[in-house]
Amino acid sequence: MANIPEDLHYSKDHEWVRVDGNISVVGITDYAQDSLGDVVYVELPKPGEKFAANESFGSVESVKAVSEVFSPVSGEIVEVNDSLTDEPEKVNTDPYGDGWMIRVQMSAPGEVDSLLTAAEYEDFTKGETE
Amino acid sequence: MTAVAEIKRTPLNAVHRSMGGRMVDFGGWDMPVQYPAGTVEEHLRTRRTAGLFDVSHMGEIDVRGNDATSFVNSITSNDVSRLIDGQAQYSALTTPDGTVIDDLLVYRFAADHLLLVVNAGTTDKDWAWIKSHHKNEAIELKNVSADYCQLAIQGPRALEILQPLTNLHLSEMKYYHFAEGTVADVEAIVSRTGYTGEDGFEVYAAADMAERLWQKLLDAGNFGSDDGVLPCGLAARNTLRLEAGMALYGHEIDDTTTLLEANLGWICKLNKGDFIGRDRLAKQKEEGVRRRLVGFEVIERGIARDEQAVLINGERVGRVTSGSPAPYLKKNIGMAYVPTEFANEGQPIQIDVRGKLVGAEIVKTPFYKRQKQ
């Protein structure tokens, strides 16, 4: 059973968002990392780049597949998790912690309200598995 | 339009599911792409100890009769007449253009009894092709694919895992030879063959014996211990064969690529007598191929994937046939067709990885070669 922390917001593309004031931390969910398998490569943007909500900000690759990752919120990248360059497996081992990907200065913090709650995301993933 | 065909299952389908295999549609077959250990661990375990693969989806075509050898020799590129009883050879079914209908193994039980082992997704096509070339030869053809299960035990410990289960003397069996005997008290054909670059064996038996053999091999290989055998899915099968520089039908070879372009000249026995495509292959050999299959290693950050474009001096000159991270070598590697003038070790190339040009270099294949004991 995939781990879905209560205090996060979720997208239908399987990213999570942890809100801290006007900053959002973004990564991919436990369900997503499990579906992908062993992550061997993570491509992330540079600080200063701006993304609209639902825009692709990078990619995650397993041995078998490539998956784009989408920013659930609009804003400017203030920090990226550079350690994933050498240790992409953190996305598998700690998707909600050390496997985080980007920190975004949100330009429209209200967008968070349209994301899924933990309960809604759990229902959503059950629908995908069936 | 293709008709929606019913998905096919091997006799181990329920076992794969119960073991947590992640099932995917592979050429019409419902197969495990990986088990819970994951592709990287399955790959590494096969290189270090042993991996167990369900390859029951492969097709088997039985050829019997006085003309068996001459008939198969006329439709395949390698020389069947060089085989002795109990020997197998890698070969190809060729088109009149010297391109590839399928690659296969030809097993010789006797001069008048051969078994052709073909790819899963091409079995129906191969069967139709082979039957269409049967004219007056004194042979009986049978598609026996559904009768057999096939398990592959591969890796440095494959022999010691399989030996206690069989009455055959495995250490005396040469590479690409086979024998009939028993495995776990089940009648079986055991061949010293595989698709991983490791020593190992492939076991053919009656389809309804698959679960018994699977379980006995897992038990004998201490499945569950840290260095025990691991069941491996199709993803590990693919990365293992890629590291070993082996062609996969539908990727490196198909009906648009000739055997010579694919560096399979060693299975083109042009002097053995006539076979389908022989004249075109002989002509191509004389004139030289315009493009060749090469191996490459990605140097910059990025992973090359199947079908991506290859650029040399800024021009698109070829395509990637297989591209993947290589779990044992810890490199990103691939194979690609490039014009012959560039098909040299050390040649810099670029791969168009979803719009980004990533630097790579042509290298010698196989990428991985096991240490011979």
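In strand 9 of chain B, Ile153(B) is the bridge partner of Leu52(B); strands are DSSP runs (E, at least two residues; helices are H or I, at least four) numbered from the N terminus. The model is predicted, and local features need pLDDT of at least 70, side-chain atom pairs count only at pLDDT 80 or more, and totals for chains, interfaces and linings use all residues. Residues are numbered from 1 along each chain as its sequence is written, while chains are lettered from A and ligands numbered from 1 in the order in which they are written.

Strand 9 of chain B pairs with strand 3 (residues 51–54) in the antiparallel sense over four bridges, pairing being assigned if DSSP finds at least two bridges between two strands. Strand 12 (residues 200–206) of chain B also runs antiparallel to strand 9, joined to it by seven bridges, and Ala205(B) in strand 12 stands opposite Cys149(B).

Seven of the seven residues of strand 9 (residues 148–154) are buried, so this strand is largely enclosed by the rest of the structure. A residue is buried if 20 or more other C-beta atoms, placed from the backbone, lie within 10 Å of its own. Both faces are covered, with Tyr148(B), Gln150(B), Ala152(B) and Gln154(B) buried on one side and Cys149(B), Leu151(B) and Ile153(B) on the other.

Chain B as a whole contains eight helices and 19 strands. Of its 373 residues, 49% count as buried. The C-alpha trace of chain B spans about 60 × 55 × 50 Å along its principal axes.

Eight residues of chain A are in contact with 12 residues of chain B, contact requiring C-beta atoms, placed from the backbone, within 7 Å.

Conventions. Contact = placed C-beta atoms within 7 Å. Buried ≥ 20, exposed ≤ 12 C-beta atoms within 10 Å, placed from the backbone.
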